[in-house]
Amino acid sequence: MRKEDKNTIIAEIAATIGQFGHFYLVDTTALNAAATSDLRRECFKQGIKLMVVKNTLLQKALESLDTDYSALYGSLKGTTAIMFTNVANEPAKLIKSKAKEGIPGLKAAYAEEGFYVGADQLDALVSIKSKNEVIAEVIALLQSPAKNVVSALQSGGNTIHGVLKTLGER
């Protein structure tokens with residue numbers, strides 16, 4: 001491969017990393033063509049961009065960026081595919097649902113401005129809450145006191161009505 005082509009690929013990888021907020025490094029060595037095609041299809045459905053890269057080109061792309069990604073360099077061995085996403089836990093959920101005997105295996109991830117190295121970090125990545133999930137929890141917490149007040153007022157009204165009705169019958 002010519003140096004100009006390599007520089008183009010490095011710039012493309014760096015631009016894609018800048019475009020997405022989170023990325024996962026995945027080992028897809030043992031996947032056959034049908035399984036790889038199925039994985040790509042699932043990624044597309046969930047808004048995840050899957051890209052297979054050479055480790056040296058990926059490392060050079062990471063080095064060209066402002067953020068220090070040196071924690072991920074040790075994971076760049078063997079066949080590496082990158083899953084790019086804007087929702088931090090989507091690739092982790094996909095890997096967990098698709099993984100058969102550790103394939104595809106998680107090598108490392110950069111999610112929520114943190115580094116997760118090793119396949120044992122998959123459960124931690126699945127438990128990361130997305131922005132929409134956090135907003136939903138906050139709204140539920142804010143609505144809870146209001147619901148309690150409304151239900152107390154409604155039940156109090158029923159109680160008073162019951163007492164008045166009983167007194168009226170006597």
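1. Pro104 is found in the loop between α4 (90-98) and β4, where helices (H or I, at least four residues) and strands (E, at least two) are DSSP runs numbered from the N terminus. The model is a predicted one, in which local features need pLDDT of at least 70 and side-chain atom pairs count only at pLDDT 80 or more, while totals for chains, interfaces and linings use all residues. Residues are numbered from 1 along each chain as its sequence is written, and side-chain values use heavy atoms, with hydrogens and water left out.

2. Pro104 counts as buried because its relative accessibility is 4%, buried being under 20% relative accessible area, exposed over 50% and partly exposed in between, with a 1.4 Å probe and protein chains only. Leaving aside residues up to four places away in sequence, Pro104 touches Val26, Asp27, Thr28, Leu31, Leu39, Ile95, Lys98 and Ala99, a contact being heavy atoms within 4.5 Å. Pro104 and Leu39 are 65 residues apart in sequence, and their C-alpha atoms are 9.0 Å apart in space.

3. Lys107 has its place in strand β4 (residues 105-111). Lys107 is buried yet has no salt bridge, and the nearest side chain of opposite charge, that of Asp27, is 4.9 Å away; a salt bridge is a side-chain nitrogen of Lys or Arg within 4 Å of a carboxyl oxygen of Asp or Glu. A polar atom of the Lys107 side chain does, however, lie 2.3 Å from the backbone oxygen of Lys77. Among the residues that Lys107 touches, not counting those up to four places away in sequence, are Leu25, Asp27, Ser75, Thr79 and Val117.

4. The largest nonpolar core has 21 residues, of which Ile13, Ile17, Phe23, Leu25, Leu58 and Tyr69 touch the most other members; such a core is a set of buried Ala, Val, Leu, Ile, Met, Phe, Trp, Tyr and Cys residues joined through side-chain atoms within 4.5 Å. At least two residues of this core come from each of α1 (3-19), β1 (22-27), β2 (49-53), α3 (55-63), β3 (80-85) and β4. A second, separate core of 20 residues includes Leu39, Ile48, Met83 and Ala109.

5. For the protein chain as a whole, the secondary structure comes to six helices and five strands, which run α-β-α-β-α-β-α-β-β-α-α from the N terminus on. Of its 170 residues, 34% count as buried. Among contacts between residues at least 6 apart in sequence, 77% join residues at least 24 apart.

Technical notes
Lys, Arg positive; Asp, Glu negative; His and termini not counted. Polar contact = N/O pair within 3.5 Å; in protein donor to acceptor, adjacent residues only side chain to side chain.
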